[in-house]
Every structure is written in structure tokens, then in C-alpha cells.
Amino acid sequence: MIKELFDPQARFWKWFVKNEPRLFTFDAMNEGDREELFDELSVQLKKINPDLAFEFGPQSERREFVISAGGIRSAFEAVTSLVAAAPRLQRWEIIAFMPRREPCSIEMRGKRIDAHEVQCSLIHNGQKAGILLFLPGYTDSDVVYKQIGYLFLDQALGEYDVEMNVGPIQMLAPEADTEGERFLIAELPKYFDRLVRQLRQSPPVM
């Protein structure tokens with residue numbers, strides 16, 4: 001009890017355990033009750049760090065609860081610390097950072113891009129892997145395309161790799177004249193992981 005007074009992580013997990021039945025079965029709630037529950041959860045997370053966000057996996061015997069830094073690197077330590085402090089919960093898998101997912105279509109502010117239309121190329125400087133991302137309709141003047149592009153990268157590589165292991169990212173129209181092999185974003189994890197392994201095995205350039 002005394003620990004909970006001084007430890008915001010302990011207070012968060014106490015709240016989570018108390019509300020675990022509702023959180024596990026939120027699919028059965030009406031929309032209003034579900035929004036109220038998620039608002040409560042968001043408030044509790046932001047007591048830890050204002051940048052923290054969350055995501056739930058589908059309900060089955062065990063359910064995923066993902067704690068995210070919202071792509072903000074300064075909040076990464078808060079994510080790892082909170083997940084490390086999680087109690088053992090029989091019906092839950094607590095996950096740090098948005099994991100890799102199969103890329104799917106994204107629609108934002110009236111613009112929709114299908115995953116099968118998005119191509120990538122990899123570049124590197126001998127130390128880090130960078131990405132060229134080719135988005136249909138892309139223009140430098142429209143920030144929405146960049147937001148969509150980063151969402152595609154988060155899907156394909158997961159939040160942690162995008163923030164910690166990816167070097168320069170450049171978004172371009174498919175018509176851009178570039179060197180290097182292009183491949184669909186669904187194939188990005190395979191090529192990215194291979195390049196990262198090669199760079200880690202290569203001796204540093206003096």
C-alpha cells in the first residue's frame with residue numbers, strides 16, 4: 001500500500017488489475033461505455049508519461065495489451081519501465097512498443113494508400129540502414145503523405161526499430177529516379193533485417 005502511494009507504475013497496474021475484467025471483454029460493451037473505459041485507461045497511462053499510448057489485440061484465451069511511446073523516443077524508457085513493472089496476469093500478454101504487423105491500407109484526411117502500392121528501397125552509410133519510401137501521389141508540400149508513410153513503416157518494422165535502428169528516411173513519388181532495388185513494403189522486414197545484420201558484422205570504417 002505504501003509503495004503505491006509513491007510509485008505511479010504500481011498505481012497504474014493496481015488500476016489495471018482492478019479493471020481487468022472490463023478491459024478483457026470491452027468488445028461486448030456499447031460504444032459509449034467502451035470510450036469511457038479507454039479514456040480512463042489513457043488518463044492512467046498519461047500519469048506515467050503524457051506521450052504513452054496503447055493498443056489491444058483481439059480477444060482470445062489471452063489478450064495482448066501493447067504500451068506504446070507514440071513514436072516519441074524520449075518516452076521509450078517509460079514504456080520499458082512500465083512493462084517491466086507489470087504483474088503476472090494469466091489472461092494477458094503485456095508488450096512494449098507497437099509490434100510489427102502485416103502492412104494494410106491506410107486512410108487519413110481523405111487520402112487512402114493501399115499497402116500493395118507502396119514500394120521501398122534500402123540505403124546505408126556503413127553503420128545504419130536508411131529507407132526510401134515511394135508513396136503514390138506523394139508531394140513534398142502535403143504533410144499527410146509523410147504521416148501515412150511513417151504509419152506504414154511502423155506497421156512493417158514495429159515502433160522500436162523505426163525509432164532506434166532506422167537511419168535516414170526519405171519519402172518520394174514512385175516516379176522518382178533512384179538507384180537500387182525496389183520492393184513492396186510487405187517485404188521490407190526481410191530486407192531490412194538482412195541489411196542490419198550485415199552492417200553489424202562489418203568492421204567499423206576508420
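Visitor: Let's start with arginine 112: does it count as buried or exposed, and what is its relative accessibility?
Guide: Arginine 112 counts as exposed, at 53% relative accessibility. Keep in mind that this is a predicted model.

Visitor: OK, and which residue does arginine 112 form a salt bridge with?
Guide: Its partner is glutamate 107, and the closest N and O atoms are 3.9 Å apart. Glutamate 107 is exposed too, with a relative accessible area of 55%.

Visitor: Why would two side chains do that?
Guide: Side chains of opposite charge can pair when their charged atoms come close.

Visitor: How many salt bridges are there in the whole structure?
Guide: A search finds eleven. One of them joins arginine 91 to glutamate 20, with 2.8 Å between the closest N and O atoms. Arginine 91 sits in the loop between helix 5 and strand 3, while glutamate 20 belongs to helix 3, so this pair ties together parts that are 71 residues apart in sequence.

Visitor: Is glutamate 20 buried or exposed?
Guide: Glutamate 20 is buried, with a relative accessible area of 13%. Arginine 91, on the other hand, is partly exposed at 31%.

Visitor: Which residues are linked in a network of salt bridges?
Guide: Those are Glu55, Glu64 and Arg101.

Visitor: Switching topic: helix 6. How far apart are its end C-alpha atoms?
Guide: They are 21 Å apart. That agrees with what you'd expect, because 15 residues at 1.5 Å a residue should span 21 Å.

Visitor: What caps its N-terminal end?
Guide: Aspartate 142 does, with a side-chain oxygen 3.1 Å from the backbone nitrogen of valine 144. Just after helix 6 comes glycine 158, which takes a positive phi of about 85°.

Visitor: Which residues of helix 6 are buried?
Guide: Among them are Val144, Tyr145, Ile148, Phe152 and Leu153. The buried residues of helix 6 pack against several elements, including strand 7, strand 8 and helix 8.

Visitor: And how does helix 6 lie relative to the strands?
Guide: Helix 6 lies across strand 7 and strand 8, and runs at about 135° to strand 8. Helix 8 also packs on the sheet, touching strand 6, strand 7, strand 8 and strand 9. The direction of helix 8 makes about 5° with that of strand 6.

Visitor: In what order do the four strands of that sheet come?
Guide: The order is 8-7-6-9, in an open sheet with mixed pairing. Strand 8 and strand 9 stand at the edges with a single partner strand each, so one side of each is left without a neighbour in the sheet.

Visitor: How many bridges join strand 6 to strand 9?
Guide: Two, and these strands run antiparallel. Cysteine 120 stands opposite phenylalanine 183 in strand 9.

Visitor: What about the three strands that form an open sheet?
Guide: Their order is 1-2-3, and the pairing is mixed. Strand 1 and strand 3 are the edge strands, each pairing on one side only. On average, neighbouring strands here are turned by 20° against each other, direction ignored.

Visitor: How do strand 1 and strand 2 pair?
Guide: They pair in the antiparallel sense over four bridges. Phenylalanine 54, for example, stands opposite isoleucine 67 in strand 2.

Visitor: Last one: which helix lies across strand 1 and strand 2?
Guide: That's helix 4, made of residues 31–48, and it runs at about 135° to strand 1.

Notes: Residues are numbered from 1 along each chain as its sequence is written. This is a predicted model: local features need pLDDT of at least 70, side-chain atom pairs count only at pLDDT 80 or more; totals for chains, interfaces and linings use all residues. Side-chain values use heavy atoms; hydrogens and water are left out. The expected span of a helix is 1.5 Å times one less than its number of residues. Buried means under 20% relative accessible area, exposed over 50%, partly exposed in between (1.4 Å probe, protein chains only). Contact means heavy atoms within 4.5 Å. A polar contact is a pair of N or O atoms within 3.5 Å; within protein, one must be able to donate a hydrogen and the other to accept it, and residues adjacent in sequence count only if both atoms are side-chain atoms. A salt bridge is a side-chain nitrogen of Lys or Arg within 4 Å of a carboxyl oxygen of Asp or Glu. Two strands pair if DSSP finds at least two bridges between them. Axes are lines fitted to C-alpha atoms, for helices over the stretch in contact, and angles run from 0 to 180 degrees between N-to-C directions.
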